[in-house]
Amino acid sequence: MHKESDIRIPLILGDKSYRDITDDIIRPIEGKAPKGWYILITIFAIFGLWGIGCIVYLLGVGIGSWGLNKTVEWAWDITNFVWWVGIGHAGTLISAVLLLFRQKWRMAINRAAEAMTIFAVMMAGLFPLIHMGRLWVGYWVFPLPNQFGSLWVNFNSPLLWDVFAISTYFSVGLVFWYIGLIPDFATIRDRVTSPVAKRAYTVLSFGWSGNAKAWNRFEMVSLVLAGLATPLVFSVHSIVSFDFATSIIPGWHTTIFPPYFVAGAVFSGFAMVQTLMLILRKAFGLEAYLHVKHIEYMNIVIMTTGSIVGVAYITELFISWYSGVEYEAYAFWNRATGPYWWAYASMMTCNVLSPQFFWFKKLRTSLTFTFVLAIVVNTGMWFERFVIIVTSIHRDYLPSAWSYFHPTWVDIGVYIGTMGLFGVLYLLFARYFPVMPIAELKTILKSSGQNFKEGFGNGAGYYDEHGHGHAIISPEAAALLSTDKVSVKAEEENSKEMTSEEILATKNSLLERLGSATAEDKDNLKLISGVGVVLEGKLNEMGIFTFSQVSKMVIEDYNMLDSLTKSFPGRAERDDWAAQALKLMNDNNI
Amino acid sequence: MADKVIYAMYDDDDETKDAAQKMVDKGIHIADVFSPFPIHGIDPIIGIKETRLGIVSFMFAITGTMLAMITIRYMMFVDWNMNIGGKPNFAFLENMPSFIPIMFEFTVLCAAHGMAFTYFVRNGLFPGMPAHNPDPRTTDDRFVVEIRPEDNNQFSFEELSAFVKTTPIVEIEEKVIQ
Amino acid sequence: MEYQISDKAKKVTLGLAALGLVLMIIGFFSQKEYVFAERLDEHSVKVEYWGKADESQIDGLKAKLISEMENKGYALDFHEAHSHDEHAEGHGTHHESPTFLWNIHLSHLEGEGHGGHGADGAQAIVDLCESGTISFFDSHWRRFWSNLLINGFFFFGISLGALFYLALQYATESGWGVVLLRVYEAIAQAMPIGIIVLVLVFITGAFGLHSIYSWMDPANVEADHLIWKKSGYFNQGFFWLRVIVYFGTFLFFANWFRKMSRKEDNEGGTEIHFKMYRKAALFLVLFAVFSSTMSWDFIMSIDIHWYSTLFGWYTFSGIWLTGMIMVIMIVGYLKSQGYLELVNKSHIHDVAKWMFALSFLWSYLWFSQFMLIWYSNMGEETIYYWERIMEYKYLYFTMFGLNFALPLIFFIARDVKRSWSFIIVIGTITFIGHWFDVFMMVMPGTLHDEWSFGLLEIGMFVLFLGAFVYTVLKSLGKAPLMQENHPFFEESKHHHF
């Protein structure tokens, strides 16, 4: 299975070995935390504490401290709940759906995204719990015998479906995440030296040894859990949508809600992953594993799901007109032109229009733009839920009860508090847990590592043996590789063993024999089997531009070339570049 | 003799696989392979059967569906009938669409946790369990093939060790175990 | 490796089509227009009819009824309440009063005694009417047109599903399925069959030959406030514009992909691939909009008062699934003939996985739509399911049950997804099941309770199936089965897991 098309861009850049992967991912855990980490966690902790304070206050004085009123009895709380649950959809989607689709690029992000999922669902769960009022009897949401003080729960109610859906999602997500973490904890356990850390990771790694049977079971469990998690992801947000689709206003509903909520959740989840990963890769120096192509893939997902959401918005609008039912039409007319027009306008702009920028390759490969847009998308998705909930219910059946919602400081405080708590949890995760799946990354090194695909460094021997790739790299891949720092760094490392005088001398003697040429009469050296973009660049650097120069090469020249490029020992000779070049030269003349 | 074990260490997954194939061809029984990540295609070579965890999960899934149905039926129809929002609880089948979501969720819940639990039990994974990989580097970038002379009585210990050395090993360890 | 349709395949597919044609023609004459009978008491029945029929046809029907009942031992006494001669002269409308209304009184024939097995004569008349024994020939051919729409849409959908998946393969840069792409292309090439039939149905509808689309009749637009409100969208001009745009786009892309992949065969390089990658993304955008609007235009507008925002996506999932089933069936056939040796078990496993996943998706969307409408219980929406459940109950739920449960139960196992016999059996059943899904989308809106299932349905389905498969195999022969210059060809060749 180490076969991958040459036009695919390597997922792991630079010259990596298995050891390098371990080192790179564990480095942040082994080292001391940077100052920034302490600053950030303090800030988030302050926000988190503030949020907890607000919750305590709310429990003391009651739900009235929120801005709710008789008409708008659901507002920020449920909006925030759905917002967080939505964000919590990307993680499982990435690790489950993309696993089933065998998308290898998921491996750069799945661990961190799953952590995000779990923390986000925790934050989401807080809101309904607080909203139920008596937090200390929160367990009444589960089916308990009447002696506990409540009747049996009502299985007809979408809110109860939610209880089951969210708790199933949370616990299954947690198990899925942890099963994947165990081998990586074992890796850390076998490396760390401090006794406290050793003990901690020994406990966390559950005694994982990595024997063949365990791996066999591991793969099956991952696959089956992915298979279970995929419909689970769909069901959870569908069920969340049922909360609104069945019951937010009696007499109004729309059937497209379930799939469109799922698309919206994936949309916002990926945006959050972008926000977090862009920071993480920079802070931890993981650019080699999560590079522009990964970002681009995620942006394409954002663009696609954003467009699906857009189609759904427009479908709803159209059908409300098409139905010919006044109430149906009013519900939407009021959204767009009523007192909450600003929320509707923000939702449309952020969710439908803004992702369309990703049609331009320049924008979807720009890190800054991606970062900004990801935040815009998440803002838009918050507004979407706000529109669905508050705008739908603020016009009651009795015009005398029509009302408007104003958030109080407690509303805002709890929301900001959840962000703080989320941040704290996420920072702890980033500090003590491997942020990328070490074991899984190792499985794709040979098929998707740049060195193995192009045959240099650690991949050189492998390249020869398995006759991999001919380094015909697509123009976009070439552009990416030539601009990416990592690949440049790898090249620098390769050539630094020779002093510059030596290089110059070798180069001159080489050119003397082959004859000089300029960039103007450049031939497409990539046509020679064995020469790729990287190597062509190197040849050009040396002053070799034409087939006629290559055709004059003899064994000594090949060796000289090897000592200069360091990347393809023995390759030129075996592929007989000279003969190839001669043939190509003749073809050109005809 | 029976207490001895050979650990042959490699630094590449493909080489490990090829070496294992060579040993198996020679008739050597391989006790186990330790690796930092799953080596694709090694299971059939060293004679590991496909795990049946998938079936376990399916069984748990069916259990989950049944449990959910029984619970809902008992609570909504047998123990305490109610008419809520025009959805009277007198016939399970007629209210079925309402119950599908929970039946589904409970199915997934049971399947996932049942299988995960089985997985932990079968692999002996619990918090604080001691690891038994022969070398700490096998969770990093080393691959170890474990051969027990007791499984390979047709060869002498020296023969085994000599044959292992013909494969591209990076280290070999002969250890006495309790 | 070239494929040429074999003589045997030619004979079988065209033979099927011919057989279907014969069955269809026989079935054509079984189209009925029912009369409505209501049992008043043991001895009296009310029979009425609102359609068009001339004096001799009515007399013929009456004579038939009398003779049928004579056999059962009853004599009939007709009291005609009123006949259409007295009414509505000059208006030619049958909206206000029935064409005929008989109050029939039953009496036992001499010497027959009290119908030995306690039979109820009044009920017998009702049964005769409901079973269609006593009925007119449907001069509007409603069943014929409905079937044409069903099959046209179903087979058009198969091609469209294949085209969609082809575009998806390019847009997502999937590697594994390259060895199968020619099959998708060939299936998409058969799209004109569906298109021609659909256009035929629309044109005849526009000329008033049938009333499947009630909004096409100006009289209805005037009379029906809800249709009138929709006339900004549903008017002949805009409708035809949309039809041309849909079909034009789909045909253009089907041919363009074909042309480009052939060019890639000859020229190689990666440039064409990236061009297709970009165009595929464009197609998906257009498809995202058109697949919804198209299903509203062609199908949802049959039940013109009813609406559901999910409908487009639901229809789309069915289209996609039937496309995949057709793909795996054709692949199975080709493999059995010794072609496609590069297609291994892993490819089959993957396609079967798609069948599994798409069945699940389809069921999920079916359930979402059904449950939400059931739960909110609003008359203007529940009417859709009311009709389906009241008149088609067993067929409807069997259709859903099979389409959902069969793939779910069997395809969950790994070995089943790799076993041809399972794939063929489950594929066939779900293929037919999804034909019934389209049947259920159309028939309750056009024939209501006067539907039946017989030679006409079977014949036309077989006719289309034969013609469709013939076209697919024929166009498979026009290009090599493998795209050897596809940049992911090697990846696909070594696809194994």
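**Entry 1: Ile43(A) and its helix**

I located Ile43(A) in helix 2 of chain A; helices (H or I, at least four residues) and strands (E, at least two) are DSSP runs, numbered from the N terminus. I noted that the model is predicted, that local features need pLDDT of at least 70 and side-chain atom pairs pLDDT 80 or more, while totals for chains, interfaces and linings use all residues. Residues are numbered from 1 along each chain as its sequence is written, chains are lettered from A in the order in which they are written, and side-chain values use heavy atoms, with hydrogens and water left out.

I then looked up the accessibility of Ile43(A): it counts as partly exposed because its relative accessibility is 41%. Buried means under 20% relative accessible area, exposed over 50%, and partly exposed in between (1.4 Å probe, protein chains only).

**Entry 2: the nonpolar patch**

I found Ile43(A) in a nonpolar surface patch of about 470 Å², together with Ile39(A), Leu40(A), Phe47(A), Ile412(A) and Ile416(A). Such a patch joins nonpolar side chains (Val, Leu, Ile, Met, Phe, Trp, Tyr) within 5 Å, from residues with over 30% relative accessible area and no salt bridge; a salt bridge is a side-chain nitrogen of Lys or Arg within 4 Å of a carboxyl oxygen of Asp or Glu. The accessible areas come from the Shrake-Rupley method with a 1.4 Å probe.

Helix 2 (35-61) and helix 15 (409-432) of chain A each give the patch at least two residues. Helix 2 of chain A supplies the largest share, four residues.

**Entry 3: helix 1 of chain A**

I compared the length of helix 1 (residues 18-30) of chain A with expectation: at 1.5 Å a residue its 13 residues should span 18 Å, and the end C-alpha atoms are 18 Å apart, which agrees. The expected span is 1.5 Å times one less than the number of residues.

I also recorded a kink of about 30 degrees at Asp24(A), shortly before the proline Pro28(A). The bend is the angle between axes fitted to the seven residues ending at a residue and the seven starting there. Both Asp24(A) and Pro28(A) are among the buried residues of this helix, which also include Tyr18(A) and Ile21(A).

**Entry 4: domains of chain A**

I read domain 1 (18-444) and domain 2 (497-589) from the domain assignment of chain A, whose bounds are automatic or taken from a database. Their centres, taken over C-alpha atoms, are 53 Å apart.

**Entry 5: chain C**

I counted 16 helices and six strands in chain C. Of its 497 residues, 57% are buried.

Note on methods. Patch = residues over 30% accessible without salt bridge, like charges linked within 9 Å, V, L, I, M, F, W, Y side chains within 5 Å.
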